[in-house]
Structures are given as structure tokens and as C-alpha cells.
Amino acid sequence: MHDVQQRILHVLADAIGSAIECFDETTGRFMSKPDGPPAPDAKPKDLGWCPFNQDIIYPLAVLYTTPGTQYHGDERIVDMALRGGDAIRDAQYPDGQVEFIKTDGSRWGPTYAGWTNYAWLETFDILRDQLGDERSARWAEGLRLSHDGQAEKLKALDVHNIQCWNAMSCHRAGAIFNRRDWQAAGEAMIRAVVKAQHPNGYWLEHGGPTTLYNHVYIHGLG
């Protein structure tokens, strides 16, 4: 197991070079190449950014705190993780949602960005000692808002890969913030996901098995 963990750490370390290069010092955003020409309603500051770009803060936190690579204890890395989390909080609306912006600057409406919220949650837990009181309180409030929203949406028990992921995140957040109501919402959805699994081991979406989304379901169940 130790060898596997070390291999994973080195894969992460090899991959973050591009993240370091695309980090925007001013905003704390991780930028990327736009996936098409600018959208008609694109705001210049949004071109090249999507909230999901911030997911990288989780592996950055892992690399900073885990011995085995050159990034262990690297202050540049932890600063990027912390400022990246700040950028998520900066992007939140009062209800905890963020605008789903694609890298071409197109805007698709508010969303509880479950993928990003989970990465932010784990970063919060890993970097508690580095957050400081003010940042810790600010992140905690943002995570509470987002998981309140996600837990409420789980009540419909609409089985879908995103809902399965959000259930996992709510259960984990419930353990971190001592919110049994979040855990209960997550558990109910996970039971619904298990019940909906096809006898052949996959989940149906769009009328058939979806191999990629199957990984999401398995991750959530795990």
C-alpha cells in the first residue's frame, strides 16, 4: 500500500506544474485555455476560468502536508491552495451557489458546484493549522452554505451521478462540521443509489450505461 501511495503522490507532483504556471496571483484563480471563442456575453475577467478549475487546491494541500515529494512543506504550494479556496468563497452568491462559468466566458446560471465544494471541504480539513481564524471562519461559512443547499436538493432522491457525489460530500461535511442532518441526507441518497444499480453493476443515464459516470458513482459509494 505504501508503494501505491508514493506512486500516486509522484503522479500528483508531476502534474501540478501546469497549475502553478496558470495561477493568477491577483484573483487566486487557476486559469486555463478557453475551450472556444469568447462567448457573446463573456466578461474579460472570466475568460479562461471555470469554478471547477479550483478543484486543484485539494491535491495541492495533500502534496504540501504529505512527505514524499519536493512539494512537502513548500510555502508556494500552500499559498496557492489557500488563495484558491478564497477565490471559491469570493465567487459564491449569498446562498452558497456560484455562477457556472465556462472557460469561454459563457454563463450557465447558479449552481452548487459539488465537485469543487468537495475539494474545498477536504482542503479545509487538511489545512486547518494554516488557515488562521479569519480565513477559517470565512471558509466554514461558505462550506456551510453550499452543503445546506446540496443537502436540501438531495431530499428529492433523484438518482444521478452528481447527486451521488453530493451525497458523499454532505456525509463527509457532516462529520467535519458535526451536522447529522447533512449526513442523514447523504445516507438516504446513497441508499437510493445502491437500490438503483443495474444487476450488471452499472447505473443507467440517458437510456444506457455511462462508463465515465460509473466512476463517479463508485467514488461516492466508496
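Which side chains meet in a salt bridge at 2.8 Å, N to O? The partners are D181 and R179; the notes below place this pair among other features of the model.

1. Basis of the model. The structure is predicted, and local features need pLDDT of at least 70, side-chain atom pairs count only at pLDDT 80 or more, and totals for chains, interfaces and linings use all residues. Residues are numbered from 1 along each chain as its sequence is written, and side-chain values use heavy atoms, with hydrogens and water left out.

2. A salt bridge here is a side-chain nitrogen of Lys or Arg within 4 Å of a carboxyl oxygen of Asp or Glu, and the whole structure holds 14 of them. In the D181 and R179 pair, D181 is partly exposed at 44% relative accessibility and R179 is partly exposed at 23%. The class follows from the cut-offs: buried is under 20% relative accessible area, exposed is over 50%, and partly exposed lies in between (1.4 Å probe, protein chains only). E187 and R180 form another salt bridge, with their closest N and O atoms 2.9 Å apart. E187 has 23% relative accessibility and counts as partly exposed, as does R180 at 49%. Elsewhere, salt bridges with shared partners join R29, K45, D46 and R107 into one network.

3. Helices (H or I, at least four residues) and strands (E, at least two) are DSSP runs, numbered from the N terminus. D125 and R172 meet in a salt bridge of 3.0 Å, N to O. This pair links distant parts of the chain, with D125 in helix α5 and R172 in helix α8, 47 residues apart. D125 is partly exposed at 25% relative accessibility, and R172 is partly exposed at 29%.

4. Aromatic pairs. Rings of Phe, Tyr and Trp (its six-membered ring) pair if their centres lie within 6.5 Å; planes under 30 degrees apart count as stacked, over 60 as edge-to-face and the rest as tilted. The structure has nine such pairs. Y118 and W165 are edge-to-face, at 5.5 Å centre to centre and 85° between the planes. Y118 belongs to helix α5 and W165 to helix α8 (residues 161–177), 47 residues apart, and both residues are buried. The ring centres of F124 and F177 lie 5.4 Å apart with planes at 20°, so this pair is stacked. F124 is in α5 and F177 in α8, so the pair ties together parts 53 residues apart in sequence; both are buried. Ring pairs also link Y58, W115, Y118 and W165 into a cluster.

5. Helix α4. This helix (residues 75–91) has 17 residues and reaches 24 Å from its first C-alpha to its last, close to the 24 Å expected at 1.5 Å a residue; the expected span is 1.5 Å times one less than the number of residues. Because 12 of its 17 residues are buried, α4 is largely enclosed by the rest of the structure. Among the buried residues are I77, M80, R83, D86 and R89. The elements that cover them include α2 (17–21), β1 (98–101), α5 (114–126) and α7 (133–154).

How values were computed. Contact means heavy atoms within 4.5 Å.
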